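Visitor: Hi! I'm new to this one, could you walk me through it?
Guide: Happy to. Let's have a look together.
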Amino acid sequence: MSNQAILNQFAPEQHNILEVLHAIQDNHPQNYLTKDALEETARYLGMTKSTVYGVAGYYTMFSLKPRGKHVIRVCVSPVCEIMKVNDVLLHLEKELGVGQGETTPCGLFTLEVSECLGQCQEAPSMMINEQVYNKLNAEKISEILNTYRAE
Amino acid sequence: MIQETRVILKNAGQNNPESIEDYMAAGGYEALRKALSIKPAGIIDELLEAGLRGRGGAGFSTGMKQQFTSKGCQDCPQRYVVVNADEGEPGTFKDRVIMEEDPHLYLEGTIIAAYAIQATKGYIYIRGEYTDSIYKTQKAINDAYEKGFLGESIMGSEFDFDVEIKPGAGSYLCGEELTMLESLEGKRGNPRIKPPFPAEKGLFGMPTLVNNVETLANIPVIISRGKDWYRQYGTERSPGTKIFSISGQVNKPGNYEVELGVTLRQLIDDLAGGMKDGKTFKAALLGGAAGTFVDAGMLDEKMTYDNLREKDATLGSGAVIVLAEGDSVYDILQNCLRFFRHESCGKCVPCRVGTSLLVRKGVELRNGNPGKMLMLQEMEKEAELMAQTSLCPLGQSPILPLKSAIRYFAKEL
């Protein structure tokens, strides 16, 4: 779907900007907001380009650079830290061969860390795209990654 | 041995959250029917007398907030209700469970609150990461429209109310009520200067009531069963129940709803299955990152807003993060300080500079620096300054975990 077609689903009012940016980003195969997308959004919502850029840059769920097809967000809250999320992160970095904020060369995964995901009863936790995974350990992580690789 | 008192979570896990019929069969939307037969001011009086206090963290009187909003700016053409569903306080996951397991409950509370202040439009601001909460709430809204509990002439009355979801996009600060209004208007999440308070000048400049999900979930039962019934739970100044999110080193982490006034020991031993694998309790972080550490000496204190405040501790959102012997208070404190650094919006200097400074000094504590006690004093002084001069609660918060960690665990920092 074109960005313009997405924009047309919303009233051209500034208060819709977060929903607009979510929709445009979700529609991009590389999960990010391009410069063109920000400019089209500014035009459509009647905002300055700098204001739109300011909003897009502020919220951590938006990315201004290309990401992988699947975005992994590992919770690094105090609870997950107590429940050994650092081991989870190390395992992910090893298995994916990338560090935090980086994308695998094949373009399949981006590894990010996140503030509390609110899954503390089953920590440590992560999200891949919109799916939550809890009670993580090395074995479980490998299994989860394989299901995405097999798609 | 105490047990849970499930008033708010009575349907959770029992009913199909996607079925409005299930909710109605359990008495759902009867409180709304009753509310619409009472004058709006009568609703506010009932909440005032029930003594309900905001469950988001600050513990302010819900009835007073509604009263202020209903009387704010009489010339304004519009009034709004905003549901604060931006649950982001680390260690807090109670609102998520209400939204995922009984979304109609807080939706009904929202409609009653709107009626009480005569708002005709509402927004539910749910954090973007809570995809299931967004899905379940949207389903609840759709079904409520179909049954005539939302929209025009609700249940045949003269009251109209529309509500829609606004998803957040990853900002802890947007859970602060004034910042949330900025975000709802489509701006960066920078806090506003107050006054004016939202009750006078809130969303789009109109009087606005901002209430937390759990707070709103308390309203239907207060209306349907009355203040006296409600007050049988809890204490005189902290009536009702509270959902505690217990996590960390316990055998059964989870959400537990209890009367306000139980002790930390009861929460851990009686409800959360005791310490994980028989470990020894070391500390708890109460109220999340913007909360306070306590040690074993606080295990038998009553968990109420006022008693904890007297002991320089916090109830906050109801997060109880349990640490065992072997866990590092230093690591968790640094985690909190990094969190504030990341979430500071950068608008005001004390917070922007101070949150970075605290992390850096925290790192230096472990760099073999001989003047540790001096460094801790400096950190505390910095955090104090931030608390006095920052615009919003974010910059005012690092002092809480820092000061309490120093008070109980200075030796190991």
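This is a predicted model: local features need pLDDT of at least 70, side-chain atom pairs count only at pLDDT 80 or more; totals for chains, interfaces and linings use all residues.

Visitor: Okay! Into which domains is chain B divided?
Guide: There is domain 1 (20-231), then domain 2 (241-324) and domain 3 (329-412) in chain B.

Visitor: And how many residues of domain 1 of chain B are in contact with domain 3 of chain B?
Guide: 12 residues of domain 1 of chain B are, and they meet nine residues of domain 3 of chain B. The C-alpha centres of these two domains of chain B lie 34 Å apart.

Visitor: What area is buried between domain 1 and domain 3 of chain B?
Guide: About 860 Å², with carbon and sulfur atoms giving 75% of that. On the domain 1 side of chain B, the most area is lost by Tyr172(B), Leu173(B) and Pro191(B), together 56% of what that side buries.

Visitor: How many salt bridges are found across that interface?
Guide: Zero, by the rule used here. There are two residue pairs in polar contact between domain 1 and domain 3 of chain B, though. The touching side of domain 1 of chain B has five nonpolar, four polar and three charged residues.

Visitor: New topic: how many aromatic pairs are there over all chains?
Guide: The search of the whole structure gives 14. One of them joins Tyr133(A) and Tyr148(A), edge-to-face, at 6.4 Å centre to centre and 75° between the planes.

Visitor: Where do Tyr133(A) and Tyr148(A) sit in chain A?
Guide: Tyr133(A) belongs to strand 4 (residues 131-133) of chain A, and Tyr148(A) to helix 7 (residues 138-150) of chain A. They are 15 residues apart, so the pair links distant parts of the chain.

Methods. Residues are numbered from 1 along each chain as its sequence is written. Chains are lettered from A and ligands numbered from 1 in the order in which they are written. Side-chain values use heavy atoms; hydrogens and water are left out. Domain bounds come from an automatic or database domain assignment. Contact means heavy atoms within 4.5 Å. Buried area is the accessible area (1.4 Å probe) that two parts lose on being put together, summed over both. A salt bridge is a side-chain nitrogen of Lys or Arg within 4 Å of a carboxyl oxygen of Asp or Glu. A polar contact is a pair of N or O atoms within 3.5 Å; within protein, one must be able to donate a hydrogen and the other to accept it, and residues adjacent in sequence count only if both atoms are side-chain atoms. Ala, Val, Leu, Ile, Met, Phe, Trp, Tyr, Cys and Pro count as nonpolar, Asp, Glu, Lys and Arg as charged, and the others, Gly among them, as polar. Rings of Phe, Tyr and Trp (its six-membered ring) pair if their centres lie within 6.5 Å; planes under 30 degrees apart count as stacked, over 60 as edge-to-face and the rest as tilted. Helices (H or I, at least four residues) and strands (E, at least two) are DSSP runs, numbered from the N terminus.
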